[in-house]
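Hi everyone, thanks for coming along. Let me put our structure on the screen, and then I'll walk you through some of its side chains.

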Amino acid sequence: GFYFHYWALFDGHAGSGAAVMAAERLHLHICEQLRDLVDILQDPSPPPICLPNDVKTGVDPNRVSEDDGDVPNDAVPRFHLEKAVSHESLVIGAIENAFKHMDDQIERERGSQHLAGGCCALAAIYLMGKFYVANAGDSRAIIIRNGEIIPMSREFTPETERQRLCCFFPQALLRPELLGKEFTHLEFPRRIQPKELGKKMLYRDQDMNGWAYKKIEEDDLKFPLIYGEGKKARMMATIGVTRGLGDHDLKVFSSNIHIKPFLSCFPEVRVYDLTQYEHCPDDVLVLGTDGLWDVTNDKEVAGVVMEVLTSYEPNDPCRYTMVAQELVVRSRGVLKERGWRLANDKLGSGDDISVFVIPL
């Protein structure tokens, strides 16, 4: 008697294998993770910090003895020893773990199942009055409520995750094989030429948002960990996303350096509580792959949503499908002599475009 509803988009690259398996399996991993939490989530009292060993044999998991966590008396005045964890945080943790188990399954079975490549994954889970939107990659989700746009994800690209990626560099100093002595964690506006040794050039380090000048040394001639900008930004000159499933065999071109240590399978999960607001039939959650968002911004998407919905009766069940179809068609554009063109004559999306429009 405990249900969740689920939608997900998987945008594959370098082959469809990882995307297809994730489409067939991710919801099962989420279900498995949530199944262990059913009793706890249905109990209004705070989740127990520690479960008894026989939790699955009928012992109430929410009644943990005060003596289960012995603490030295002298520690009590110095530390707050208990951290309050909400039911919401448990669901977020379950979804994060499900993504990790999904990624592990792809790694285990990539040979026997011929799972080439990897995929970005965007999933929306509705559970107990809340939407949990989990994103690993560069797809995007927004809520449109009464004309207001509420972002429910952010894209994970080499630019947006520069600081997380560069934090790997201390590990790479201890494990040189991670970067193959070919990359530098410092970022420069462009590739440095050998003739520029000794000159001062703009740079920034992992903890910097601004730019400063430094004297160019021999070590700075290495290729930057993050190179390019916008849609052309690449991590280790190889891949344009920094989170996703799969890619276990992906290596830097003409090298033995694996990308996966830098590519996270964990999603960012954002929560929207539907019980906090009154929703009308025109309030929706839009999920789209980057093929949509590359050429259409949030405001334009909201405009199409409202334009199409108002042309149908509020109780017409096909109205949301028609919105999704219109978003795809407008983002692709019309084929002209100079390629696919949008209404404003700019280039249409050359990427795959997949869209969900979910009524709240």
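Before we look at rings, one definition: rings of Phe, Tyr and Trp (for Trp, its six-membered ring) pair if their centres lie within 6.5 Å; planes under 30 degrees apart count as stacked, over 60 as edge-to-face and the rest as tilted. With that in hand, you can find one aromatic cluster formed by Trp7, Tyr126 and Phe131.

A word on where this comes from. This is a predicted model, in which local features need pLDDT of at least 70 and side-chain atom pairs count only at pLDDT 80 or more, while totals for chains, interfaces and linings use all residues. Residues are numbered from 1 along each chain as its sequence is written, and side-chain values use heavy atoms, with hydrogens and water left out.

Now, how many aromatic pairs does the structure hold? There are three. In one of them, the ring centres of Trp7 and Phe131 are 5.7 Å apart and the planes are at 50°, so this pair is tilted. Trp7 belongs to strand E1 (residues 5–13) and Phe131 to strand E3 (residues 130–136), so to speak a link between distant parts of the chain, 124 residues apart. Strands here are DSSP runs (E, at least two residues), numbered from the N terminus.

Are these two buried or exposed? Buried means under 20% relative accessible area, exposed over 50%, and partly exposed in between, using a 1.4 Å probe and protein chains only. Trp7 is partly exposed at 24%, whereas Phe131 is buried at 3%.

Next come Tyr272 and Tyr277, a stacked pair with 5.6 Å centre to centre and 10° between the planes. Tyr272 is buried, at 5%, and Tyr277 is partly exposed, at 40%. Tyr277 also has Arg145 over its face, 3.7 Å from the ring centre. For that, CZ of Arg or NZ of Lys must be within 6 Å of the ring centre and within 35 degrees of the ring normal. Likewise, Arg243 lies over the face of Phe156, at 4.0 Å from the ring centre.

Thr242 is buried, with 0% relative accessibility. Beyond its neighbours within four places in sequence, its contacts (heavy atoms within 4.5 Å) include Phe156, Glu161, Met235 and Phe262.

Finally, the cysteines. Disulfides, meaning cysteine sulfur pairs within 2.5 Å, number zero here. For Cys120, the closest cysteine sulfur is in Cys119, 7.2 Å away, too far for a bond.

How values were computed
Helix = DSSP H or I, 4+ residues; strand = E, 2+ residues; numbered from the N terminus.
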